[in-house]
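Look over the sequence and the model first, then take the points below by topic.

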Amino acid sequence: MIEVNKDKVKEMGELLKHLDLKFNVFPKIKKAGSREEAERTLTLLFYVDAICHQTRKFEGYVDDKHLKGWDYLFACFERKLKEDADFINVDRMRKITGTQLGEILMGSGERYYERAYLLRNAAIILKRDFSGSVMKINEISEGFIKREDGKGMHDLMRRFKAYSDPLGKKIFLFLNFTKKVGFWEIRDPENLWTPVDYHLERVSLRIGLVDIDKKTFDKLSKGKKVPLTFDIKLREKIGGSVKEVSNISRIPIENLDQLFWSLGRSLCLREGPFCDGRDMENCTLKDITGIPCKNKCIFSSKCSAYKDPGRKALKESNIYTIYY
Ligand code: SF4
């Protein structure tokens, strides 16, 4: 049993509605000054997003800064682009090998051959269907995420193997990037949905936005493997509940996603949450929301796990996936 807890969704929506949060989403991504610049940045993001799944093992120093996960992947790709501006060209990317990808990522992380395959597939389809340009996706869709004729951005992007998640985590993350970069039209923003990744899954479960039966609770708490079909159902309910929190709080979904994501990276960790705050040097939560990591979690008054050690042990699904 997986059910949305409507009361908790409402409580969270109301709580957030009355907090005056100052968001700085995707702080490392700049607004483009021209269409050419937007195309270059979005092409880079399109490829990084394509391989951004199960990134826990990626970390290291880039330009003397210690980074992990998404930040690490993005910084490595940005660095490569500075040295070799042509590297994101479709004719180059469709030949990338696992070994070359490993070099770009400086040997950190894993599954280079799978990720290189996804990059090659993305470049081949980009050339075949979109004249080699990500901007063409926006043009063909005429700015619609969903269209009945199958030409909405969601359906177009699902042609890429890397973006084939039925719940579109990488697609919605990419669309959130486009809102920051600009020169990309979205005419049906009501169809933006939650990019559900493992941080959002874990934080939502602990807060109690969805309820699960005891057997599932035990499995997730112990980190036991679960089927992909189960995980899709769970993420679907979680994504719907967070979208509803966004509607109630009137916090745009890309901001709310970044709040949950940064909380999951900073305080609400897989190994256990720091509900009363912690001192840390690189606080993603502060970078994105202005809330220092040393403060008590802003959800503590409503979070079901705050006073429940059993619930604090809940974790995201243990699966193997390329979806998120
Ligand atoms: S109160 Fe604790 S368990 Fe709940 S969301 Fe915050 S850090 Fe996570």
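Two residues are in contact if their C-beta atoms, placed from the backbone, lie within 7 Å. By that rule, eleven residues of domain 1 are in contact with eight residues of domain 2. The model is predicted.

**Domains and their contact**

- On the side of domain 1 that touches domain 2, α12 (228-249) and α13 (253-266) each supply at least two residues.
- Helix α12 gives the most to that side of domain 1, with four residues.
- By class, the side of domain 1 that touches domain 2 has four nonpolar, two polar and five charged residues.

**Helix α1**

- Helix α1 covers residues 6-17, twelve in number.
- From first C-alpha to last, α1 reaches 16 Å, close to the 16 Å expected at 1.5 Å a residue.
- Which residues of α1 are buried? They are Lys 8, Val 9, Glu 11, Met 12 and Leu 16.
- Seen down the axis of α1, these buried residues fall within an arc of 165°, so they line one face of the helix.
- An α-helix has 3.6 residues a turn, so residues three or four places apart point the same way.
- The face of α1 turned away from the buried side carries the exposed residues Lys 6, Asp 7 and Lys 17.
- The buried residues of α1 pack against β1 (2-4), α10 and α12.

**Helix α12**

- Helix α12 has 22 residues, which should span 32 Å at 1.5 Å a residue.
- The end C-alpha atoms of α12 are 31 Å apart, which agrees with that span.
- Buried residues of α12 are Asp 231, Leu 234, Arg 235, Ile 238, Gly 239, Ser 241, Val 242, Val 245 and Ser 246.
- What do the buried residues of α12 pack against? Their partners are β1, α1, α10, β4 (210-212) and α13.
- Arg 250 follows α12 and has a positive phi, near 65°.

**Positive phi in loops**

- Most residues other than glycine have a negative phi.
- Asp 64 is not a glycine, yet its phi is positive, about 65°.
- Asp 64 lies in the loop between β2 (59-62) and β3 (65-68).
- Is Asp 64 buried or exposed? Asp 64 has 5 C-beta neighbours inside 10 Å, so it counts as exposed.
- Ser 131 also has a positive phi, near 50°, and is a residue other than glycine.
- The loop between α6 (112-130) and α7 (135-141) holds Ser 131.
- Ser 131 is exposed, because 12 other C-beta atoms lie within 10 Å.

**Gly 98**

- Gly 98 is in helix α5 (residues 98-104).
- With 15 C-beta neighbours inside 10 Å, Gly 98 counts as partly exposed.
- Gly 98 and Arg 111 are 13 residues apart in sequence and 8.3 Å apart in space, C-alpha to C-alpha.
- Beyond its neighbours within four places in sequence, Gly 98 is in contact with Tyr 112, Tyr 113 and Ala 116.

**Lys 302**

- Lys 302 sits in the loop between α14 (284-289) and α15 (309-312).
- Lys 302 is partly exposed, with 15 other C-beta atoms within 10 Å.
- Not counting residues up to four places away in sequence, Lys 302 touches Glu 11, Met 12 and Leu 15.
- Glu 11 and Met 12 are among the buried residues of α1.
- Lys 302 and Thr 99 are 203 residues apart in sequence and 47 Å apart in space, C-alpha to C-alpha.

Definitions and conventions: Residues numbered from 1 in each chain as written. Predicted model: local features only at pLDDT ≥ 70, side-chain atom pairs only at ≥ 80, totals over all residues. Nonpolar A, V, L, I, M, F, W, Y, C, P; charged D, E, K, R; others polar. Expected span 1.5 Å × (residues − 1). Buried ≥ 20, exposed ≤ 12 C-beta atoms within 10 Å, placed from the backbone. Arc of directions from axis to C-beta.
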